[in-house]
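Please read this briefing with the structure open beside you. Take one topic at a time and find each residue as you go.

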There are 2 protein chains.
Amino acid sequence: MQRVSVSKISDYTDQEVTINGWLYNIRSSGKLMFPEIRDGSGIIQGVVVKSAVSERVWEDFSKLTQESSIKVKGTVSKHPKKEGVFELQINDVEIIQIAEPYPITPKEHGVEFLMDRRHLWLRSPRQVSILRVRNEIIQTIRDYMYDNGFILFDTPIFTPNACEGTSTLFSTEYFDMGKAYLSQSGQLYAEAGAMALGKVYTLGPTFRAENSMTRRHLTEFWMMEPEMAFYDIDDDMDLIEDFLENVVQRVLKNCRKELELLGRNVSKLENVKKPFPRITYDEAIEILIKKDIPLIRKTSNGEEQIRPFPWGEDFGAPHEEAIVEDFDKPVMVHRWPAEAKSFYMKRDPSNPKIALGVDVLAPEGFGEIIGGSQREDNFAELEKRIIEHQLPLEEFQWFLDLRRYGSVPHSGFGLGIERMVNWICNLENIREAIPFARRPNRITP
Amino acid sequence: MQRVSVSKISDYTDQEVTINGWLYNIRSSGKLMFPEIRDGSGIIQGVVVKSAVSERVWEDFSKLTQESSIKVKGTVSKHPKKEGVFELQINDVEIIQIAEPYPITPKEHGVEFLMDRRHLWLRSPRQVSILRVRNEIIQTIRDYMYDNGFILFDTPIFTPNACEGTSTLFSTEYFDMGKAYLSQSGQLYAEAGAMALGKVYTLGPTFRAENSMTRRHLTEFWMMEPEMAFYDIDDDMDLIEDFLENVVQRVLKNCRKELELLGRNVSKLENVKKPFPRITYDEAIEILIKKDIPLIRKTSNGEEQIRPFPWGEDFGAPHEEAIVEDFDKPVMVHRWPAEAKSFYMKRDPSNPKIALGVDVLAPEGFGEIIGGSQREDNFAELEKRIIEHQLPLEEFQWFLDLRRYGSVPHSGFGLGIERMVNWICNLENIREAIPFARRPNRITP
């Protein structure tokens, strides 16, 4: 007897198979029962005909509660009406366990109720679909990097210093060596990797101790960060473009069923083909001024609206939305005010007030998914910035070494995995984009 | 002008190309110079003929120090004597930076000297080779899981409780929610994933706050943990066998050059084909008794040797070596004394003193690389064990839920990535198996 998974069922038409899974739902109609069985790879409808099975089998099905675990035997048949859909003509069942009354029912539940039962909520078709898309996104990223000569370079989580200040870092006691900080970014280490291996990437969890409960923030999130020797900012944008097109198009191809279940308008994703619009920060500001989108600043009396949007400020959600709304692709905003960006970004040789950074804004208002830059490769310039930013110079000596011993132009970027999942799956809230979301008010289950 | 990487150089025979990289070494012989250039993907020897290049080019090469960054132009030619080796007949060079005197020289350096300069040591051909093998191992693992229907299920790093007690856990303050512990294993969460998705795996960093400075321990190490619904211990061993054969054979095929550079005896790896020997713990004990290998117990007076090796004790390095030495493949030791194993392992139905666990010992004395088991799927049994192990029952209610709502037989295992790299690359010490090793006395650079 072949034990098969629902996802492969079309290979077994007219054959007798066993499926191991859980009862997702059951309808009955007189002498017929229609159990829906899920096995993690998909859901199949079974048909139980009272006259065709033993009394024991009929009674067993009558007893089954939602999420009861079972092994069913039957013959695979094509659905009489629906093209590409298969059914199982059941002739036997073995009950593994009758489930206790399942707490998640088809009625609407509050989000906190569901998050408290995340270990069970994960079984719903929607959550299963999101996680399958996440799986496809990450595998596609890794395949792209591998096929394009990048070497995986797992950077450390425990770090002695902070990439950009310690105020948003988690820390832990580290034996008798004082505190270790949990990494916010593998970039500085990846730069050492690029000097050794040419092109590297890191993909792992990163941590931010920010007490913000927005729809787009997690305290623990996964990030993919490639770093390339001999790449300038334009090479960086070329890579981003090719990379994003590849990932989106393959996910679209391999996860069409999941995206449909999620109600995703896939035509929006079909548009994601290079070239993408590249606009400077200055051009982005022009769009904001033309559309009369003000900067909103919190004051003691509430909020102040500043018009026209002042040069030098970073964008918030309304600005990102206004910038992307006239484009149907990701928008690359490059050449930023240096003051608004990190110490390690290279300045534009033609204007020292400008940093060679690039933010990629997803279409449809999903906001920033990628931040990248060309890195400062001049020893004296970098040392000056570290001092200006009041970072501990001694702890950055190893990073400065990369500019002492064969410094080269180099660039990289960081992609937030959950933000990517959010965009591709069209999610309202980032908490569904990872199996067990961690936010300031939640570390359970 | 084609910019190419050294690894692809054979595609450009007789063509003019540019290579961007670093000077690894240079020899001169009168009117000839032979610079070796590394670009992260490989090393190529250049040929500079004084009479064929400008005076400026000749002088530039005379100035170059080790690790200076350069762009060289030249024509790719086959090495006159060595099959499959290519040279670059150089006609131009652009110096990006003359490196300061490089601290790592061909002379022998102490390990701590090198670990203090890990960001530079990574550039050595040996370290580059190890990281390329690590990249291949991890990509192969991910491809295997993907191709076999496993869904990536990234489990959380921040956890409210401990899989196996809190004494070896790192912790961090988590807003106003008390402490969060850094995960030692994603298994418990992966079990929830298996109930939702059938077959899942997690591959990420895990943490152990053990103050041990052995050749095989890191405080931060990567682990791959698959978890499968409807798998018993025998299915688990079948998977381990197929998985290990696939990973080892593909790495062998794709990284032969790197393994040769590392001096690896590849014929030992060629043997890694299924079936692998499966012996019970009892049979392993028999081997130890036959070979007269005692248990060594530390006492106040030093050490005590206990003969014959007593039933119920776990194995140390000398025992693992004695068990594997008569086999040329990984050895699966299964059915362990329950007392020596974790609370979540299922007991053998035919003998409650035995847990359905399996340890996989790598050949050649590399020790345990995999630990796996069938999990306890009976609610009452699991609850009893949690209480017996004095774990906080309340915090395990979500884990018990997996046995309330459609419990099924399930199994999984954990593979230590750095131990795998150690074995495949034949390393003396695990610190070379990861870009920046973290041990009790080191969190820098």
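What follows is a short tour by topic, from domains to backbone details.

This is a predicted model: local features need pLDDT of at least 70, side-chain atom pairs count only at pLDDT 80 or more, and totals for chains, interfaces and linings use all residues. Residues are numbered from 1 along each chain as its sequence is written, chains are lettered from A and ligands numbered from 1 in the order in which they are written, and side-chain values use heavy atoms, with hydrogens and water left out.

**Domains of chain A**

- Chain A is assigned domain 1 (2-97) and domain 2 (118-277 + 327-433). Such bounds come from an automatic or database domain assignment.
- The centres of domain 1 of chain A and domain 2 of chain A, taken over C-alpha atoms, lie 44 Å apart.
- Domain 1 of chain A brings 6 residues to the contact, and domain 2 of chain A brings 4 residues. Contact means heavy atoms within 4.5 Å.
- Together, domain 1 and domain 2 of chain A bury about 410 Å², with 46% of it on carbon and sulfur atoms. Buried area is the accessible area (1.4 Å probe) that two parts lose on being put together, summed over both.
- The rule finds 1 salt bridge across this interface of domain 1 and domain 2 of chain A. A salt bridge is a side-chain nitrogen of Lys or Arg within 4 Å of a carboxyl oxygen of Asp or Glu.
- On the side of domain 1 of chain A that touches domain 2 of chain A, 2 residues are nonpolar, 2 polar and 2 charged. Here Ala, Val, Leu, Ile, Met, Phe, Trp, Tyr, Cys and Pro count as nonpolar, Asp, Glu, Lys and Arg as charged, and the others, Gly among them, as polar.

**Chain A against chain B**

- Each chain gives to this contact: 100 residues from chain A and 100 residues from chain B.
- Chain A and chain B bury about 8,000 Å² between them, and 63% of it is on carbon and sulfur atoms.
- Phe230(A), Tyr405(A) and Ile443(A) supply 10% of the area that chain A buries against chain B, more than any other three residues.
- There are 2 salt bridges across the interface of chain A and chain B. Arg134(A) forms a salt bridge with Asp154(B), with 2.7 Å between the closest N and O atoms.
- Helix α4 (residues 125-147) of chain A gives the most to the side of chain A that touches chain B, with 11 residues. Helices (H or I, at least four residues) and strands (E, at least two) are DSSP runs, numbered from the N terminus.
- The side of chain A that touches chain B has 53 nonpolar, 22 polar and 25 charged residues.

**Aromatic pairs**

- The count is 48 aromatic pairs over all chains. Rings of Phe, Tyr and Trp (its six-membered ring) pair if their centres lie within 6.5 Å; planes under 30 degrees apart count as stacked, over 60 as edge-to-face and the rest as tilted.
- Phe153(A) and Phe436(B) form an edge-to-face pair, 6.1 Å centre to centre with 85 degrees between the planes.
- This pair crosses between chains. Phe153(A) sits in the loop between β7 (151-152) and β8 (158-159) of chain A, and Phe436(B) in the segment after α13 (417-425) of chain B.

**Links within chain A**

- The structure holds 68 salt bridges over all chains.
- Glu112(A) forms a salt bridge with Arg442(A), with the closest N and O atoms 2.8 Å apart. Glu112(A) is in helix α2 (residues 111-116) of chain A, and Arg442(A), 330 residues apart from it, is in the segment after α13 (417-425) of chain A.
- Ile287(A) belongs to helix α9 (residues 281-290) of chain A. Ile287(A) and Ile323(A) are 36 residues apart in sequence and 6.5 Å apart in space, C-alpha to C-alpha.

**Backbone details**

- Most residues other than glycine have a negative phi, and most peptide bonds are trans.
- Phe230(A) is not a glycine, yet has a positive phi of about 65 degrees. Phe230(A) lies in the loop between β12 (220-229) and α6 (233-254) of chain A.
- A cis peptide bond joins Arg307(A) and Pro308(A), with omega about -15 degrees.
- Lys274(B) and Pro275(B) are also joined by a cis peptide bond, with omega near 0 degrees.
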